Amino acid sequence: MHNLKLTAAIAAIMVATPVMAAEVTVWDVNVPRNPTYYAAAKTAFEKAHPGDTINFVAQPDAEYYNLLNTALASKTGPDVIWANGGASAKSLTGGLLPLDDKLPDLISQVVGKSAFTGADGKLYFVPFTLQGHVVYYNKDMYKAVGLDPEKPPTTWAEVVKMCDAFKAANKPCFLMANKEGYEAEFFLSLMANQSLTAQQQADWSAGKLHWSDPPIKAILQTWVDTYKNGWYQDGGNSQTMFLDEQTLFEQGAAGNFWGLLSNVFHWKELEKVMGADKVGVYPMPSPTVASDQHEGAPGVPLDGGVGYGVNKDSAHVDLALDAIKTLLSPEVLSVLVNDAGVVPANTTVDTSGIDSPGLKQIMGWLATRAVPTTHANSSAAELDEWHRQSQALLNGDISVDDAAAALDKVQAQAKPQK
Amino acid sequence: MTATTLPQTGQVQRVRARTSKGRRAEARMAMLFLLPAIALVLVFRIIPLFWGFGISLTSATATDPGQFIGAGNYLRAIGDPNFRASIANAGVILLAVPIFVFIPMILAILLDQGVPGRGFFRSVYFFPVVLSSVIIGSIFSIVLGYNGSLNGLLKMVGLPAFDWLGRSQTALPVTLAIQSWSTFGMGVLIFLAGLSTVPKDMVEAARLEGAKMWQVWWYVIIPELRPIIEFSLVITTIGLLTSMFGLIYVLTGGGPGTATTVPEYLIWAAQGRLNQPAYATALSIILFVITGILAAIQIRMMSRNASL
């Protein structure tokens, strides 16, 4: 009888185990880059869900969306999906679960949601870091060309003066790395930061403000004019952004650098190599100032950088939602902030321990005013075309009018107006 | 007569019956052997082709099966300036096919004629073939980048640096030159195999008759190599139209502008980052038809010449 009970118990465990224990799969491209964060998330999740496991699958950055789209189309996608804010995230909403009713408490704590909100107004990803754009500058180079390293430009006139000083010293003022077209994306957001009104930013997202409309065409013209004025180093169309540009800046190839504030690149990378006292940071002024803004006001283009969503075909929706809660919890996210230097989207994360002078400044600007990143509110097709047109503009292969007209056509197709 | 022929007819019929039974068994066995290959081609080539064609007639995305839109994606491709540019680039690439065929042929003939260091050159020529296109692309990104070794060399001799991969005028020719460098070893190998079939006595006889080297090449060797040249033309054409993606992806990303954008690069972009798989399949079908027509023309030429 005793043996029978034991056998029955073992059989019950063997039958029940596969049903009870579940594995939540998360696809992410940053796993090898930030191992401590994912280890902390795994420990916290598996402690809260005994018997269940969380599996972080590191996907290749360059091929990520090809792999993800194929997996979603064949219903073999992961439970939790990582995505970049903006066009990439918005193109995936059809395969995701709206999260507004599922994670209301967490959603009320995070900022940068517009980059992850679908055309239906629902939130499909919860952002966990923010992405913004600032200008990093080399203080030693400022000194070398006769500029005050503690007084970076705050107006367009001061930017022009600063670049004249670099030109006089035969040094590039800004770095250009537009092989993939990313520099042009950042430039669009940096220039629109001060030159577009809040209404124009909203119109841009809706596809009502066109590339050939004066505020955007002025940005295209500035792209060409700054190149013609010799602000950049030669060979910008064949320099990769995240490989070449950072190295060139650290080597002192140019005085300024349109930088990124994200998981991939941020202040900590530069401070580690150059020293915190050698790198400065400032918000980029633009040649025209919108009627609802004033020149020199601090503020950076900022939006949700990366976020997590739930596959609508997931067999473990509840666990997937819990996985997101864990990944965005203040305790786990603070590991990413401290180790990798990202700016968290969850406002309850304690950032008081950060001692970087650059990041303290950036956090101050974020608290004052943050404008949406214009490129994150463009469609994927428009950005793809802007990559091409920006390179052709730099090479002088196309006029600003023709480039704007070509971009208008793509915009009309991607964001049709009723 | 009748008495003797009847049994003979019966025998013939029996033999015929046995033979036809044997042939049927043989055919069944042949079918059995062919079945795995046919099944593989059917499952992984033919069915996806028709399936893809079906998708190309819809507005499907990765997460939405979309609506039937007929020839909408094909009409969009015709009006898409980027696709038109990629077809124009494919045209330029096709113009380079003779270079891709004749350089290996000339080198193979030279090797076959017994130049000093033949074994060494054979190995060196073949070496790039074993490298993946991504590695080749990375190597040449370093060599041809604006801060790369080639410009360093130019500066040393007092010449100005040039953005080889970042300028529209040079990006495609440079990419083609790299593709040629990375694949010509295979061409050399094919031509060397072909040259081993050229009768040595014919070459010898021509030489004894006083033919000069170019005359031996022109009147004896090259005519004998004709089937190999035609074969090389077909595989080079298909290869250039469908396998330059890796190199372009690493070297130029299709840019600057559309200077190095080829149809397969647009297909990749449409399927992935633009989440337009239906448009991607329409472009794939167009590329398939173009490649098919070119291959059919070339194969027709080959078979016509073979029957001469």
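Residues are numbered from 1 along each chain as its sequence is written, while chains are lettered from A and ligands numbered from 1 in the order in which they are written. Because the model is predicted, local features need pLDDT of at least 70 and side-chain atom pairs count only at pLDDT 80 or more, whereas totals for chains, interfaces and linings use all residues.

**Exercise 1.** Work out how many residues of chain A and of chain B take part in the contact, and which helix gives the largest share on the side of chain A.

*Solution.* Begin with the term: two residues are in contact if their C-beta atoms, placed from the backbone, lie within 7 Å. By that rule, 25 residues come from chain A and 26 residues from chain B. Next, look at the elements on the side of chain A that touches chain B, where α3 (64-73) and α16 (380-395) each supply at least two residues; helices are DSSP runs of H or I with at least four residues, strands are runs of E with at least two, and both are numbered from the N terminus. The largest share, seven residues, belongs to α16(A).

**Exercise 2.** Describe how domain 1 and domain 2 of chain A are placed and how they touch.

*Solution.* First take the bounds, which come from an automatic or database domain assignment: domain 1 covers 2-129 + 304-363, and domain 2 covers 132-301 + 372-414. Their centres, taken over C-alpha atoms, are separated by 32 Å. Then turn to the contact, in which 23 residues of domain 1 meet 19 residues of domain 2. On the side of domain 1, the largest share is the five residues of α15(A).

**Exercise 3.** Find which residues have the most contacts inside the largest nonpolar core.

*Solution.* A nonpolar core is a set of buried Ala, Val, Leu, Ile, Met, Phe, Trp, Tyr and Cys residues joined through C-beta atoms within 7 Å. A residue is buried if 20 or more other C-beta atoms lie within 10 Å of its own, exposed if 12 or fewer, and partly exposed in between, with C-beta atoms placed from the backbone. The largest core has 173 residues, and A:Ala323 and B:Leu283 have the most contacts inside it. Both domains of chain A give residues to this core, so it lies between them. Leaving aside neighbours within four places in sequence, the contacts of B:Leu283 include B:Phe83 and B:Ile267.

**Exercise 4.** Decide which residues of α9(A) are buried.

*Solution.* In α9 (residues 198-206) of chain A, the buried residues are A:Gln200, A:Gln201 and A:Trp204.
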